[in-house]
Amino acid sequence: PRPGLQFLSPNEPGFPTGRYCIRFHEKRAWQIQIAFGGVDLSEPEFRRHARVILRHEIGHALYCPGDLLLHQRMVLAEIRAFKAAGVAVNGKNAGAFTNQVSDILVDTRNFHKYEEETLKDERYWFRRGLKTAGGDGWAPADRAGEFMFAVKEALWGASIGCTNDPVRQKYIDRLKPLFQKSMEVNGNAQRSAFVELVPAYIKAWIEYSKEIGADIQIFPNEATPLVVSSASEADVRSFAGECSLDEFLAVHGNLPSDQLNQAKRIWYEQNAVPWEPPFRVKNGGAAHAIYPVRWRMGDPIEELDLTMSLQVSPVILPGITTRRWHRTNSRMQGDAPEIPAMLVAIDVSGSMKGPRLEIARLASYSILAYCENNNVPSAGIAFSGEGECEISPWSKSAGPAKDILLEEFGGNTVFPIERAEQLISETKTPKAMVVLTDTQLLNWDSAQASFLALMRKGHRLLIYIIKGTEADKEKCNPFVSAGGS
């Protein structure tokens, strides 16, 4: 897609340096965004500057990271590297060092193709960095920027303007062969090498900072926007299956509530496991009726029954004496076992927070995936305290139930008995209710009586006790005795 181009006014954010990036466009994959700021260059130099910037952003779009999957993997490697070093990284700054590694790779590639223009522009950026910091040296928060320029100097064998720092050079000498090797391989080997560069780069940066007695600077960075479209969905979903929920959300930053739930739903859908219901119900069998009707002109000729027509009249009069058989299908109570419609009720109270709720949601998404794939109607209830519940109606699409099961109320736990009974009683066919809870219900006795009454009416009950004790399991013995699971 064509790059988005604009010129910033002096009162707009980013004016001193400009804003240059690539974003995952809602419909058209990577979209290059170029916003020129206070550029102090002559017209010929500005043209050169614009060419270098455009090459740089194209390099991100085509080379590193090249696609959203690799970018997510590199940011995850960054988060894990800082976590291993005991440094907290959140959604506001995850990806900053990933971007530095990508910049080094892209600019080095461009340097080998357009040496003079690339080097001139790099020196220009270095001077602007000094100017922003005060002109006498890099500010402490920008030491990471000078570290990146120093790595480029080592790879290019050319001076950009970095100060002589033997301690820093020691760590850069360790990184240099890793960067060189990553640029010599292709395909999956190169993608893996790019990911491995991130923790190596961060380790060198942390050890260098510690050796010179400086704080480990983590600077803000715009997190990966979660834009799920036909172009990006495969990459986002594939990555969701490679990491924990917390890591997936951290990679995508501090998302607004609507995008946060979208991200959670993607992760749960991708990590749901195959599930089979442990029960069937006698929900009616197929009854067939067949009887003669008039064969009319225009009906399929192969349906004409000549024998029956001749019994009506020895003279064949099309549309008058001609006959055919008509077959109907209807439902009637029988012995054919079927999968019942399923009501999935998940406990989202305070006692379920953390791993319990994550397990319950994974299990519920597995059940709903089965329903959707097998054309089984489903409904959902997310419940917590008195009056705190969200309900999705019966549907052969599991989407509404998946959405409400992401609700999280906290507080005490009260099962919504009347609401559940109403849902189950909407039609006369037997249904199944799947309850996912730690059994810490304030109205357990009433809920137990309701569950047993529903079972006596032919409905099925399946209770998943999430990280429960033996005492919790004993609470469910009456259901097992009544034929529940």
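Visitor: Why is N375 called partly exposed?

Guide: This is a predicted model, and in it N375 has a relative accessible area of 47%. Buried would require under 20% and exposed over 50%, with partly exposed in between, so the value of 47% places N375 in that middle class.

Visitor: Where does N375 lie, and what is its phi?

Guide: N375 belongs to the loop between α12 (355-373) and β9 (378-383). Its phi is near 60 degrees, which is a positive value in a residue other than glycine. K467 also has a positive phi, near 50 degrees, and is not a glycine either; this residue is placed in the loop between β12 (460-465) and α16 (470-475).

Visitor: What makes G399 count as buried?

Guide: The relative accessible area of G399 is 9%, and the class of buried residues takes in values under 20%, so G399 belongs to that class. G399 lies in helix α13 (residues 399-404), and, leaving aside its neighbours within four places in sequence, G399 is in contact with R265 and E372. Its C-alpha atom is separated by 9.7 Å from that of A369, 30 residues apart along the chain.

Visitor: How do you know that T98 is buried, and which residues does T98 touch?

Guide: T98, found in helix α3, has a relative accessibility of 1%, and since buried means under 20%, T98 counts as buried. When residues up to four places away in sequence are not counted, T98 touches H71, M74, V75, E78 and V198.

Visitor: How do you know that R48 forms a salt bridge with D121?

Guide: In general, side chains of opposite charge can pair when their charged atoms come close. The cut-off applied here is that a side-chain nitrogen of Lys or Arg must be within 4 Å of a carboxyl oxygen of Asp or Glu. The closest N and O atoms of R48 and D121 are 2.5 Å apart, so this pair qualifies as a salt bridge. The pair links distant parts of the chain, with R48 in helix α1 and D121 in helix α4 (residues 115-133), 73 residues apart, and both R48 and D121 are buried.

Visitor: What makes E303 and R324 a salt bridge?

Guide: Their closest N and O atoms are 3.6 Å apart, and the limit is within 4 Å, so the pair meets the condition. E303 lies in the loop between β5 (285-294) and α11 (306-312), while R324 lies in strand β6 (residues 323-332), so the pair ties together parts that are 21 residues apart in sequence. E303 is partly exposed at 35% relative accessibility, whereas R324, with 17%, is buried. The structure holds 24 salt bridges, and a network of them links E233, R237, R265, E269, E372, K402 and D403.

Visitor: Why is L54 called partly exposed, and which patch includes L54?

Guide: L54, in helix α1 (residues 43-62), has a relative accessibility of 32% and therefore counts as partly exposed. Together with I58 and L62, L54 forms a nonpolar patch on the surface, with about 280 Å² of accessible area in all.

Visitor: How do α1 and α3 pack, and what is the hand of their crossing?

Guide: Two packed helices are described by the angle between their axes and the distance between the axes. For α1 and α3 (residues 96-113), the angle is about 115 degrees and the axes are 9 Å apart. The crossing is right-handed. The contact is made by R55, H56, G59 and H60 of α1, and by N99, S102, D103, V106, D107 and N110 of α3.

Methods: Residues are numbered from 1 along each chain as its sequence is written. This is a predicted model: local features need pLDDT of at least 70, side-chain atom pairs count only at pLDDT 80 or more; totals for chains, interfaces and linings use all residues. Side-chain values use heavy atoms; hydrogens and water are left out. Patches are made of residues with over 30% relative accessible area and no salt bridge: like charges are joined within 9 Å, nonpolar side chains (Val, Leu, Ile, Met, Phe, Trp, Tyr) within 5 Å. Accessible areas come from the Shrake-Rupley method with a 1.4 Å probe; for residues, only the protein chains shown count as cover. Helices (H or I, at least four residues) and strands (E, at least two) are DSSP runs, numbered from the N terminus. Buried means under 20% relative accessible area, exposed over 50%, partly exposed in between (1.4 Å probe, protein chains only). Axes are lines fitted to C-alpha atoms, for helices over the stretch in contact, and angles run from 0 to 180 degrees between N-to-C directions. A crossing is left-handed if the near helix is turned anticlockwise from the far one by less than a right angle, and right-handed if clockwise. Contact means heavy atoms within 4.5 Å.
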